[in-house]
Amino acid sequence: MKTLGTIKGLLLDLDGVLYVGANVIEGAIDAVNKIRESGISCRFITNTSTLSLASLEQKINVLGFSISANEIISAPQAALLYLKNQSAPVCRLLLADDVKKDFIDFPQSDSKANYIVIGDIGKAWSYPLFNEVFSCLMQGAKLIAIHKNRFWQTEEGLQMDIGGFIEGLEYASSSKALIIGKPSANFYQIALDDMRLKPEEVAIIGDDIDVDVGGGQQVGLMGILVKTGKYRQLYTDSSSIKPDLILDSIKDLPELLLQQSL
Ligand SMILES: [Mg+2]
């Protein structure tokens, strides 16, 4: 089991740890401030793929946090950091319009792209679109999926997510997509590189035992589970994933950090 004593960096999951919808988790704002004061460097992470960095920053800060854009790593942002490390990327972006704004510095092409980035584009999927992407893939373009979720819950019930479309493109082109969002090891590596820290120096705090705790532990991070957001005791008890630490809420973390550093 890892301990907090050696931790220099913290990845904080947003939804379910700092807030649920428009409601801030009690004590979360104060906790984040105290964690910063203890000298731990923070990155705020989320798989949200429909908001640009500016929109996400605004959403968080309207709730009362003071978090700067360069501390936020959303799944699209991780894709952006990945692309910045590639030589001469030319992109085809299948992303929400708001998210596309973040990728404006990259040259783009519909037919000559060497990176196809796919996120949530709602009802924009069509056979001609699939075929254009397929054509780029057959010419050697790399497929980058913001995530590969099967479905999601909406007010109208379950809806098909992009995972099936990604799988279809992989099948047709005999290629494998690079999955960017949590729990992919790529996501955590991108966050570690951004913090310039080693896995053993970093903890993740999240409300999802699989995606946050399990995903983080798989790359060597300390995994902290909070009992807020989507946490359910029954699910946690029956899981094969064992968090290094379980807290009622993020508000308990600053006190523990203080004790460990004494
Ligand atoms: Mg969460």
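In which loop does Ser174 lie? Ser174 sits between helix 6 (163-173) and strand 11. The model is predicted, and its protein chain is divided into domain 1 (4-47 + 182-261) and domain 2 (78-179).

**Domains and their contact**

- The centres of domain 1 and domain 2, taken over C-alpha atoms, are 28 Å apart.
- Six residues from domain 1 and six residues from domain 2 make up the contact.
- On the side of domain 1 that touches domain 2, two residues are nonpolar, three are polar and one is charged.

**Nonpolar core**

- The largest nonpolar core holds 68 residues.
- Within this core, the residues with the most contacts are Ile116, Val117, Ile144, Ala145, Ile180 and Ile205.

- Strand 9 (residues 151-154) and strand 10 (residues 157-160) run antiparallel and are joined by four bridges.
- Thr154 has Gly157 in strand 10 as its bridge partner.
- In a regular strand, side chains alternate between the two faces of the sheet.

**Backbone features in loops**

- Ser174 is not a glycine, yet its phi is positive, at about 50°.
- Ser174 counts as exposed because 8 other C-beta atoms lie within 10 Å, and the cut-off for exposed is 12 or fewer.
- Ala88, another residue other than glycine, has a positive phi near 45°.
- The loop that holds Ala88 runs between helix 3 (75-84) and strand 6 (91-94).
- Ala88 has 7 C-beta neighbours inside 10 Å and therefore counts as exposed.
- The peptide bond from Lys182 to Pro183 is cis, with omega near 0°.
- Pro183 is found in the loop between strand 11 (178-179) and helix 7 (185-195).

Notes: Residues numbered from 1 in each chain as written. Predicted model: local features only at pLDDT ≥ 70, side-chain atom pairs only at ≥ 80, totals over all residues. Domains from an automatic or database assignment. Contact = placed C-beta atoms within 7 Å. Nonpolar A, V, L, I, M, F, W, Y, C, P; charged D, E, K, R; others polar. Helix = DSSP H or I, 4+ residues; strand = E, 2+ residues; numbered from the N terminus. Buried ≥ 20, exposed ≤ 12 C-beta atoms within 10 Å, placed from the backbone. Core = buried A, V, L, I, M, F, W, Y, C linked by C-beta atoms within 7 Å. Pairing = 2+ DSSP bridges.
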